[in-house]
Number of protein chains: 2
Amino acid sequence: MRRLAAALDTGAASLYVYFRSTEQLYAALLDELIGEVALPSLGAEEPWRDRLATVMTSYVMVLFEFPSVARLSVFTRPSGPNSLRLLEELLSLLDEGGVESGAAAWGVDLLIQYATSTAAEHSTRNEQPGTIDDDSDVSRAIATVSADTHPHLSKLRDALVAGEAQERFRWGLEVILTGIADQKVARVPRSYLSLLKRPSG
Amino acid sequence: MRRLAAALDTGAASLYVYFRSTEQLYAALLDELIGEVALPSLGAEEPWRDRLATVMTSYVMVLFEFPSVARLSVFTRPSGPNSLRLLEELLSLLDEGGVESGAAAWGVDLLIQYATSTAAEHSTRNEQPGTIDDDSDVSRAIATVSADTHPHLSKLRDALVAGEAQERFRWGLEVILTGIADQKVARVPRSYLSLLKRPSG
DNA sequence: ACCTGAACACCGTTCAAGT
DNA sequence: ACCTGAACACCGTTCAAGT
């Protein structure tokens, strides 16, 4: 807030004339950034899945450029005009892919959550200087695990940390799209719902 | 930091004897919380998917109790003993479900990311008093959208905001499990990977 | 060796006072 | 009416000084 104000040659208090809080300022920034996301569906030659992947990838890349916005995007659902345009685009692509409308409605939410949390997670890794390198921490922990106590973890030692971030993002995207396209998951058996009831207190 | 120190009847500086930074303290707290997650696989009567759902649901619920830890869990991959036990458990359940080992290795990461970002997102909604109510913001934005400019969004108006948080979480879990179990997505066509290359600068 | 009071360098937000 | 300097109430972290 203070740094931004300084960059604009004014005091921090002046920003409160235009935004009620830091959170709202970031929400506005986020929507502005989403305006930069590539929406390639007009020149529609590639299959819908590829175009959807392009949109999602572009979203993550745009957030990468502004780590502080990326970090807050996990907590703030944007509702500005550019965000609505992105939602419309994703729904249109899922529709083109023959995804049932109920699954598409809940699916876009899942897709946005996936892109957003991916961007947030990686934003910390790169930019924050004092940050612990989680990756190497986790790798080390997995490497030293015993086959007796953790047989699966030990067996999949290498597979767990294999692949580039990009490749894994794309893989997760395929997982989600495959799941969304699957009709069976559109309904959840009633009996499972009770599992998620929050305990009082 | 200062509040925690006060609660322990000491100065904030004393905490730095045990933890190098706030982030490390939270990482330790997170692993401790993960120790509270229910791992029901020993009494194995229910199908593996249901038991996996129980573990995931328990994870989210445990994080709900400590919103500040939940908020940081998106950025910190825990590598403590309890986290490794949770990973082992999830891998064991996926194995029991016949999921190919490569898919399971990447799948657990996706599952943790899903649980974590869900907990983080909802943690802000409930606890932070000054926070904007995103849900109603988004609902209002969607409600006022024009059918001309946003046909899909307009058509799916109700479906987009339908359902309880619990139901949607469970649905997303089914989506991910279905996708992971699907063999086709285990390999990503090489050509798509170039899409995710980060631009220099 | 282990702990900590006090200081340092920051935050976001408010509000009375200025133009 | 619109803007802002200064103050308020916080942070995390460091380090010299204490036991």
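**Close-up views of a predicted protein–DNA model**

View 1. The side chain of B:Thr22 has an N or O atom 2.5 Å from a phosphate oxygen of DNA strand D. From chain A, a polar side-chain atom of A:Thr10 is 2.9 Å from a phosphate oxygen of DNA strand D.

Residues are numbered from 1 along each chain as its sequence is written, and chains are lettered from A and ligands numbered from 1 in the order in which they are written. Local features need pLDDT of at least 70, side-chain atom pairs count only at pLDDT 80 or more, and totals for chains, interfaces and linings use all residues; side-chain values use heavy atoms, with hydrogens and water left out.

**View 2. Surroundings of DNA strand D.** DNA strand D is surrounded by 14 residues, the closest being A:Ala13, A:Ser14, B:Arg2, B:Tyr16 and B:Thr22; a residue is near a strand if one of its heavy atoms lies within 4 Å of it. Sugar or phosphate accounts for 53% of the atoms of DNA strand D within 4 Å of the protein, and bases for the rest.

**View 3. Phosphate contacts of DNA strand C.** The side chain of A:Tyr16 places an N or O atom 2.5 Å from a phosphate oxygen of DNA strand C.

**View 4. Helices α2 and α5 of chain A.** The axes of α2 (residues 22-34) and α5 (residues 81-96) of chain A come within 7 Å and cross at roughly 45°. α2(A) is therefore oblique to α5(A) (under 35 degrees is roughly parallel, over 145 roughly antiparallel, 65 to 115 roughly perpendicular and the rest oblique). Axes are lines fitted to C-alpha atoms, for helices over the stretch in contact, with angles from 0 to 180 degrees between N-to-C directions; helices are DSSP runs (H or I, at least four residues) numbered from the N terminus. A:Asp31, A:Glu32 and A:Ile34 of α2(A) meet A:Pro81, A:Asn82, A:Ser83 and A:Leu86 of α5(A), contact meaning heavy atoms within 4.5 Å.

Terms used. A polar contact is a pair of N or O atoms within 3.5 Å; within protein, one must be able to donate a hydrogen and the other to accept it, and residues adjacent in sequence count only if both atoms are side-chain atoms. Helices (H or I, at least four residues) and strands (E, at least two) are DSSP runs, numbered from the N terminus.
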